[in-house]
Amino acid sequence: MKKTKFLHLALAASIVFGTSCSTGEKTTQAGAVATAQQTPVAEQEKASKWPRGVTYEIFVQSFCDSNGDGIGDIKGMTSKLDYLQDLGVEGIWLMPMNPSPSYHKYNVTDYYDIHPDYGTLEDFKEFIEEAHERGIHVVMDLVVNHSGSDHPWFQEAARNPDSPYRGYYVWAHKDDPQTQKEGKILAGDSDNVNRWHQVPDSDSLYYGYFYGGMPDLNFDSPELREEVYKIGRFWLSEVGVDGFRLDAARHIFPDDRPEDNHQFWVDFRNEMRKAKEDVYLVGEVWAEADVVAPYMKGLPALFNFDMGYAITEAVNKENAGVLVKNHKKIRDFYKTINPDFVDATFLTNHDQNRIMSEVNGDENKAKMAAALLFTLPGSPYMYYGEEIGMRGKKPDELIREPFIWDKKEADGCRATWVVPQYSTEQTVTPAAIQMENENSILSHYKTFIELRNNSKALTYGELEPLNLGTQEVSAFLRQYEDESLLVLHNLSGQEVSVNLPANLTDYDDVRFQSKASTKNNNTLKLAPYSTVVLEE
């Protein structure tokens, strides 16, 4: 087997394997740790290739304000592309940027333009060009389950029942029995049960799954479907995005028509590939694996909500449990539907409490969550600010607070559109300061992303769960071609000893460690909240 070493000395002391160290001083007696220094080797050629690389989610409004109006914008994002490149990300997912009356922009009023607070189409084209020059792909949120109620289509349709746009939406008479029933809550993306909404001075009601300001589009209409295809082709062909994150992909048709949902995304992908053969589509289907799986026929990438919950539970309980076993089970199931699926893994996103708040501000646990994310299979997504330990709990505005780039007096980029309650300089160390600290959570993220980016096994490898008899340790193998890695995470705040069985004793070459650990014979002592990666 090829023995490629990859050790981050900035974050980790060396590991000593009994008396068999190839560099540095040897131990003087069994199990004793002497000073040893591993010799860094040249970084191997980058292994990851997007969309299998790391993608970074940005809420434009909160990321970087270039003109001092308090609102993040496209030029601000462009100025931070070097930061993202240095972090190691290969893709950016942008939350909605279309004109909209709301701060979050999910109720679109114009599908062919950029909200003026964010900039212009030319600004966005420049952003895409600059991102591409750095090897970073750009995915934009495409919100086509619904439009905004202020969209001209809906305004005309509501005013005039004979309008050609009437068929773009779903209507019913106010006395229709179906409008009298509450909707069922089947997904985590909405708790709204009042799906039918009144048009003023009319007997008509319209359907809106999320709320009245977001009337659902009617995909039974051929004209509407063609309009949506036209919108997609515009952003791919004329603007140059690499793909779309598809909001509310489960709700294109009502919940009792899942097969129609599945088929629509097959049709949509086929249409988008006419504009861009390698278009990337990632769908939001907030549900269990058996509900998610059929969407893979049309959406080659889907978010893995189950994994994010499982990682959070494991780090909070300091118990590996069945995290890895279940992750493998889900992935094996997905492969039966689409062998080439992209498993879009993540910790939390813009609709959930931030991971740092989910672990009650415990930086060790937040770091461990990231370590699991970047070493388990999947194509990881990270939410802006996660890498600096930003905090946040619902309501939504407070999980989308401004990024903290530097101390306030030096931060010419910080947005001010909302007064932060969770991510302040009292709770979050600014990115500029963390960059200078090798033990910061930012350095931790950068290190693990680099580790993953330079490992074919961690990027593409199969997963083999291991049970080493210690509940605090999550252990598994990642294997791809001639690279085989043994990954061990100590989820607890105590040093833990594990005995490696005979079939793992060949894993004696250190690829990476986050803290100093020791090995004597087949017993490995893992430091608290630490990760060790061994290579065969």
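Helices (H or I, at least four residues) and strands (E, at least two) are DSSP runs, numbered from the N terminus. Buried means under 20% relative accessible area, exposed over 50%, partly exposed in between (1.4 Å probe, protein chains only). In a regular strand the side chains alternate between the two faces of the sheet.

Next I checked the partner of β16. It pairs with strand β19, residues 523–526, in the antiparallel sense over four bridges. Two strands pair if DSSP finds at least two bridges between them. N499 stands opposite T523 in β19.

**Ground rules.** I number residues from 1 along each chain as its sequence is written, and side-chain values use heavy atoms, with hydrogens and water left out. The model is predicted, and local features need pLDDT of at least 70, side-chain atom pairs count only at pLDDT 80 or more, while totals for chains, interfaces and linings use all residues.

**The open sheet.** I traced an open sheet of eight strands with parallel pairing. Its order is β11-β10-β9-β8-β4-β3-β2-β12. β11 (342–344) and β12 (381–383) stand at the edges, each with a single partner strand, so one side of each has no neighbour in the sheet. Neighbouring strands here are turned by 25 degrees against each other on average, direction ignored. Axes are lines fitted to C-alpha atoms, for helices over the stretch in contact, and angles run from 0 to 180 degrees between N-to-C directions.

I then zoomed in on β10, residues 301–303, which pairs with β11 in the parallel sense over three bridges. L302 stands opposite D343 in β11.

**The disulfide.** I found one disulfide in the structure, meaning a pair of cysteine sulfur atoms within 2.5 Å. It joins C64 to C413, S to S 1.5 Å. The link is left-handed, with -135 degrees about the S-S bond. C64 lies in the loop between α1 (60–63) and α2 (74–79), and C413 in the loop between β12 and α13 (431–434). They are 349 residues apart. C64 counts as buried at 2% relative accessibility. C413 is buried too, at 7%.

**Two helices.** Last, I looked at α6 (residues 222–239) and α7 (residues 258–275). Their axes come within 9 Å and cross at roughly 40 degrees. That makes α6 oblique to α7; angles under 35 degrees count as roughly parallel, over 145 as roughly antiparallel, 65 to 115 as roughly perpendicular and the rest as oblique.
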